[in-house]
Each structure stands twice: as C-alpha cells, then as structure tokens.
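Dear colleague,

I am passing on a structure for you to look at, and below the display I set out what was found in it.

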Amino acid sequence: MRAGFPDFRLGKVLATSFTGTLSERYGDAVERIPTPGRLGDWLAVYGLAVDSCTTAQLDLARELREAIHAAATAAAIQDALPMSAVQVINDFSVRGRAAAILTPEGERRWRLGADSCVEDALSVIAADAISIIAGERDGKLALCASPTCQAAFFDASQSRTRRWCDMNTCGNRQKKARFNANQRKNPRSAE
C-alpha cells in the first residue's frame, strides 16, 4: 500500500467493499481512492489489476461507486431502486471484457481483457453489485448502524443481524462511545 493514504477497508464482498472506498459519508468523509494510482492499488488487492488508471477513469469508478451505494441502500431499506443508479450499474456491467475463470483450487477469479483496463474491472464490480442487489446470494443487504457511516454492507452471518459494516472501525467506535457514556453516568462502576 502507498504511504500517506488512508487504509482500505477490505471486505469479502467486492461491490460493497468498493462502496467502502468512501467511508464516513455522513460525518467527516474519508476518500480512500483519492488518486488514479490508488484506485489501481485497490483493484489489485481484489485481483483486478489494471495496466494504468487515468483521472477520467477514476471519475467513472466514483460514478459507479455512488450508483452501487444508492441502489444497495435502497435495497437494504426495501425501497424502490433509483432508476438512474440501476442504469449506471447496468451500463458498467456490459462495458468490460472480463471473464470468470475457475482456478485449480475451485475458486472463481476474473480474467480481464488482454490490455487490462479500468473499465473491465468496473464491469466485474457492477456484475457483483447486480448479483447482490438481485438477491442471488445467501445473505442480505443492511446499513451500518453508525450514524456517521450508514454504509451498505452484505450480511452473510448466520443470524443476519450484523449491525456494523466493519466491527474494527464502526462497531468498536460505537461500543467505545457507549462504554464512555455509561462511565460518565456511573463513575463508580469502573472501580
């Protein structure tokens, strides 16, 4: 990872992890892909390495990210999907030249076009978003309970009752705030 940039919040679900490249949307927003090179870094982490990335491609990536966020948020609260977001996701899905391949270990990987370009990688992310929003996977979309985050995430836990997009950040922050509030109410309970 490149020094000087905020860490990536890596999850197991490609599309919702991609929306997490902008975190704390309702607080002090943190842009985790501020430069084209940083987008290239993020794509490489998810096995979608590209040859290069331009500022225009970074803008396209952010357009897709926000469309996925809007559609996933609507799906999580069981609201109508925004047609503009649906159109953006669909458009990106058909743009690329990526193919699913099976590894000898029995895992699915993506092979991008011969000249790996950002549009190929974004098409994979869009296809993943379609799969999740369409309900094709075992799990459900939910929104982070942190009032400053509210990120859409895919809950594949057995009980489907996860509250936080990431326990190491949002969950711990909220639990710490609750603990500190309880300590102020009951100062003797700490003794």
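In the protein chain, residues 24 or more positions apart account for 56% of the contacts with a separation of 6 or more, a contact being heavy atoms within 4.5 Å. This is a predicted model, in which local features need pLDDT of at least 70 and side-chain atom pairs count only at pLDDT 80 or more, while totals for chains, interfaces and linings use all residues. Residues are numbered from 1 along each chain as its sequence is written, and side-chain values use heavy atoms, with hydrogens and water left out.

The protein chain has six helices and six strands, taken as DSSP runs (H or I of at least four residues for helices, E of at least two for strands) and numbered from the N terminus. Their order along the sequence is α-β-β-α-α-α-β-β-α-β-β-α.

Of the 191 residues, 39% count as buried, that is, under 20% relative accessible area with a 1.4 Å probe, protein chains only. Beyond its neighbours within four places in sequence, Phe18 is in contact with residues including Leu39, Trp42, Leu64 and Ile125.

Best regards

Definitions and conventions: Buried < 20%, exposed > 50% of the residue type's maximum accessible area, 1.4 Å probe, protein only.
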